[in-house]
Amino acid sequence: MDWEKFVDLSVTDAPRISVTPPGPRSLEILKIQEELEGSAVSYPRGMPMALARGRGATLEDVDGNVYIDCFSGAGVMALGHAHPYVLEAAHGQLDKVTHTLDIPSETRMRLVKVLGRILPAELSRVFFGGPTGSDAVEQAIKLARFNTRRDGIIVFEGAYHGMTGASLAATSDSGHKDGIGSLTPGFQFLPFPYRYRNPFGCPEEKVDEFAADNLERVLDDTHSGYSKPAAVLLEAVQGEGGTIIPGPLFLQRVREITKARGILLICDEIQCGLGRTGKMFAFEHSGIVPDIVTMSKALGGAGFPISAIAFREELNTLPPGKSIGTFRGNMVAFAAGAAGLEWMIENRVPEYAAQLGEKAMTRFREMEKGSRILGEARGIGLMIALEIVEDKKTRKPAADLTKQLRKLAHQRGVMIEVGGHHNNVARLLPPLVISEAHLMKAADILEGVLKDLE
Ligand SMILES: Cc1ncc(COP(=O)(O)O)c(C=O)c1O
């Protein structure tokens, strides 16, 4: 495979920082935003700048600084910015038709067909419910509830599923939920197999088994406080929770446990899906097939808003009009998404992500050994995390240091995300087409910042 050509998608001599961000033009634009937009705006606080253009795994701000993008707009830009093949498809669609609700078109069917090529055969139906990931989660929950005529949904500590009614109720972070009134009822949380911050006190290598046993226990104990739920909803690799990667056993056991009890399994692949972990879907690492899958982020090819669920034939019971919405499919996103997925398949992008991710992890694990504050480097494919601690023995989370890591990395030309239970996980979600040279350069810069912070 000619992966060398991925190099040409980006600005090769990035990063190039000519003025410490935010530069003067950025400051002017940030000031307008500060004065006119709502106070919940968040990313420019961690990475203050205004953006001008992007190419591949590189982004340029309005002051001419060029960054290595290890953030991808929170995992959206899997094929990088301004991907020529994807944009050609999007431009072509713009001149034809841009909005059709769910009336079919060739473009829409092109995406449906390419999804059929990447999804397991058992997930034979797709549905487009709304433009965002949260919409897909809402649809998945609705479908599970309607089919089982049960209400409960079991979710996990560290989960992030969205910002709307049910998807927010399924999200664990109280920071997102407190102070805004009552949430959709029916959601109960269980501990996730988070090896580094083991919630079970068991040997670390047993954490997957303990987490699955715990699920089985609450389902079978009539005094656990858990009634039989409609579904178990999880991320095969948790994203915002801190890139938490269970072993294959966990998902295999969850699949067995849910199947045996007639409970549906929903895998939220909005962040970890579509090549990110080195396979098209993260659940494939465990060899299981869920009942419902959610997709969004990379699905729009180049950041166009779209989301979908895929599900088993026997769940295809919603009567026409039971689930509607104005933006049930953005035609430009369909065109870009179909072109993007076809390009991904043809160029074996998930395989590239797996191989490059392994090389990067060798580098990051070395960094972990030599660092006093990098508690753990973990990753799967190009979903990589550096958990920052005050002290490697106590593992005390260091949120302030992580914030500074992001700030200094940005000033030196690398964009990263911050997440985790304690906001102490530096997260890398680069475009899957990032070159090895750019990723290693980003690692060098992060290592330099870590040294300076120690
Ligand atoms: C796993 C997961 N599910 C759902 C969502 C919500 O998607 P959106 O922000 O598009 O509503 C996200 C967003 O980060 C996510 O990571």
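Me: Which residues are exposed on the other side of helix 12?
Reply: This is a predicted model, so keep that in mind. Helix 12 has a side with buried residues, among them Tyr-352, Leu-356 and Phe-364. Over on the other side, the exposed residues are Thr-362 and Lys-369.

Me: Why do the buried residues of helix 12 sit on the same side?
Reply: The buried set is Val-349, Pro-350, Tyr-352, Ala-353, Leu-356, Gly-357, Ala-360 and Phe-364. In general, an α-helix has 3.6 residues a turn, so residues three or four places apart point the same way.

Me: What covers the buried residues of helix 12?
Reply: Strand 11 and strand 12 are part of the cover. Two helices are in there as well. Those are helix 11 (331-346) and helix 14 (436-453).

Me: How far does helix 12 reach from its first C-alpha to its last?
Reply: Helix 12 has 22 residues, and at 1.5 Å a residue you'd expect 32 Å. The model comes close to that, with a reach of 31 Å.

Me: How many residues of domain 1 are in contact with domain 2?
Reply: The domain assignment gives domain 1 as 3-69 + 350-439 and domain 2 as 85-346. On the domain 2 side, 16 residues take part, and on the domain 1 side the count is 20.

Me: And how many nonpolar residues are on that side of domain 1?
Reply: Helix 12, strand 11, strand 12 and strand 15 each give two or more residues to the side that touches domain 2. That side has 6 polar and 4 charged residues, and the nonpolar ones number 10.

Technical notes:
Residues numbered from 1 in each chain as written. Predicted model: local features only at pLDDT ≥ 70, side-chain atom pairs only at ≥ 80, totals over all residues. Domains from an automatic or database assignment. Contact = placed C-beta atoms within 7 Å. Helix = DSSP H or I, 4+ residues; strand = E, 2+ residues; numbered from the N terminus. Nonpolar A, V, L, I, M, F, W, Y, C, P; charged D, E, K, R; others polar. Expected span 1.5 Å × (residues − 1). Buried ≥ 20, exposed ≤ 12 C-beta atoms within 10 Å, placed from the backbone.
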